[in-house]
Amino acid sequence: MITRVIAIASNTLTDLIRQKVFYFVLIFALILIGSSAFMARFSFQQEFQILKDVSLGTMSIFTSLLAILATARLLPQDIEDRTAYTILAKPVPRFEYLIGKLFGVLALLALSTLIMSALFCVVLYAREQTVMHETMRQMAAAPNEQLNDALRVVRESALKIDIFAVIVLIFLKACLLAALTLFVTTFATTNIFTVVVMVFVYFIGHLQETAREYWLQQQGAGWLTQMFLALVALIFPDLQAFNLVDAVVAGTAIPLALFFKTAAMGFFYTIVYTLLAIVVFYGKEL
Amino acid sequence: MIRLVLVIVIVIVFGAARLPLERNLLAQDRQLHLRGTQLDLSLREQIGQLGFVAALSGFRSIIADIVFIQAHVAWERTEWGRVFLLFRQATTLQPRAILFWDMAAWHMAWNASVAAMNDQTLPLAARLKKQREYFAIGKDFLERGIKNNPDKPQLYEALARLYKDKYNDHEHASEYFAKAAAQPGAPSYDKRFSAYELSYCDGREREAYERLRQLYDAGEKERLPTLLRRLKFLEDKIDIPQDQRIPKS
């Protein structure tokens, strides 16, 4: 079973890498991350903050975009090319086929996140070194203690371990979106339909927290409002939970327990949406 | 049909099962100030429709950065009203960014207030009034910044400087330097500055002397020229016996 899933996943990955959309999205993201170093030249704290905001924001939007676009075309393309029929005619259960496809997309997402993270780290490190040299030059006459304090502040403003936690959460959010897109593609009739639905899901997912809290706290609202809010809270994932970029860039540390809880939530969502996709795909007439 | 019902049931059951988990996560996030910004209609009015949509989709900090850059441009053009509005937006969008509060207060209390005083088209009384208003705006930015970031020493420090430089209020300056010193990661000079400021307060000379003396006794590292000068001044003022005074340098 594992061999078959790996074979489907690696084929899916190769196929996705060959697509122009992957390069287009990735190159665009890399340009944005690379250029974030030149966007603003204020004090070094401001510069690092803007650099991190822009880079992590770019990573978040492009991994999400890639997850939706790459997954949306998987099934319709395979059905159109008749590849799906060839594979499923062999002793390959439908769930293996679907899981293989999803793993292919997840591998693509992991690869793009790694590339973007590597560039981000290089850009941030380069800026950090420049600022360190400038500080050392400016404070050449200052006592050692003051110089060390200044260098410590520069180092603390640049790369922190929490940034990697945020990158993992960005990746998990993309995995969740990929699984949800896969679920939508199992009943969608066209690519466009899936992408449009997922764009709405993306926005509503970021508002789910507001709807959920309003539903659970405001008992005075009318039953129609309550029902609508309940539906939003129950159906859509809470994407805001994965958006810890703002706080981390501002210097707030993420406790390890909280990071694991959020990550576990991401896994949980991905598994459930994949299961839903499998249930619907088993009933699909091919 | 059965499959459709099954899918709907799974979605609802899964939704209901994750509700307490999500709420628990939200409560923890809020406790740690990880998800603090309330996206409401007042923010919508401030940042416009597009900005609001972007903020809703998880790009709050990028929008805040763009607004911050716009505020910087407005400052270069000395459009003070616009600087104030843009900083209000930036701080609302990203209340955990110390830098935004600090810069907003600095532009208002230092730059805009000086520009107001230099405005020769207005009579002196109007200029003074405007200057005081800008001080108050700067102070308000810092106080709100502290409310949003009670554990960060930088904003207490900035507020202390504002009291010292703009209001000439050494008592409050000393109080906020002391508060800054009490925060984790505060620089060592905050404690010293608090004692310096206290040494200028009438009626609190004895307390100031004790705090400065304590710093002096802490070792050579603390015996900086200002500390020695203020300590000698207080020794004379409160008439400390000769044998208890610090040696003349």
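Which residues does Ala178(A) touch, not counting residues up to four places away in sequence? Ala178(A) touches Ala67(A), Thr71(A), Leu102(A), Val105(A), Leu106(A) and Leu109(A). Touching, or contact, is defined by C-beta atoms, placed from the backbone, that lie within 7 Å.

## Model and numbering

This is a predicted model, in which local features need pLDDT of at least 70, side-chain atom pairs count only at pLDDT 80 or more, and totals for chains, interfaces and linings use all residues. Residues are numbered from 1 along each chain as its sequence is written, while chains are lettered from A and ligands numbered from 1 in the order in which they are written.

## Chain A overall

Chain A has twelve helices and zero strands. Helices (H or I, at least four residues) and strands (E, at least two) are DSSP runs, numbered from the N terminus. The pattern along the sequence is α-α-α-α-α-α-α-α-α-α-α-α.

The C-alpha trace of chain A spans about 80 × 55 × 30 Å along its principal axes. Of the 286 residues in chain A, 45% are buried. A buried residue has 20 or more other C-beta atoms within 10 Å of its own; 12 or fewer make it exposed, and values in between partly exposed. Among contacts in chain A with a separation of 6 or more, 82% join residues 24 or more positions apart.

## The nonpolar core

The largest nonpolar core holds 135 residues. Such a core is a set of buried Ala, Val, Leu, Ile, Met, Phe, Trp, Tyr and Cys residues joined through C-beta atoms within 7 Å. Val105(A), Leu109(A), Val166(A), Ala178(A) and Leu159(B) touch the most other members. Helix H8 (residues 161–187) of chain A gives the largest share of this core, 18 residues.

## H1 against H6 in chain A

Helix H1 (residues 2–18) and helix H6 (residues 94–138) of chain A pack at about 45°, with axes 7 Å apart. Therefore H1(A) is oblique to H6(A). Axes are lines fitted to C-alpha atoms, for helices over the stretch in contact, and angles run from 0 to 180 degrees between N-to-C directions. Angles under 35 degrees count as roughly parallel, over 145 as roughly antiparallel, 65 to 115 as roughly perpendicular and the rest as oblique.

The crossing of H1(A) and H6(A) is right-handed. Residues from H1(A) in the contact include Ile8(A), Leu13(A) and Ile17(A), and those from H6(A) include Gly100(A), Phe103(A) and Val105(A). By class, this contact has twelve nonpolar, three polar and three charged residues. Ala, Val, Leu, Ile, Met, Phe, Trp, Tyr, Cys and Pro count as nonpolar, Asp, Glu, Lys and Arg as charged, and the others, Gly among them, as polar.

## H6 against H7 in chain B

In chain B, helix H6 (residues 124–148) and helix H7 (residues 153–165) pack at about 155°, with axes 9 Å apart. H6(B) is therefore roughly antiparallel to H7(B). Gly138(B) and Leu142(B) are among the contact residues of H6(B), and Leu159(B) is one of those in H7(B). The contact has seven nonpolar, two polar and one charged residues.

## Interface between chains A and B

The contact takes 41 residues from chain A and 34 residues from chain B. H12(A) gives the most to the side of chain A that touches chain B, with nine residues. That side has 23 nonpolar, twelve polar and six charged residues.

## Gly251(A)

Gly251(A) lies in the loop between H11 and H12 of chain A. Gly251(A) counts as buried because 20 C-beta neighbours lie inside 10 Å. Gly251(A) and Ser117(A) are 134 residues apart in sequence and 19 Å apart in space, C-alpha to C-alpha.

Technical notes. Two residues are in contact if their C-beta atoms, placed from the backbone, lie within 7 Å. A crossing is left-handed if the near helix is turned anticlockwise from the far one by less than a right angle, and right-handed if clockwise.
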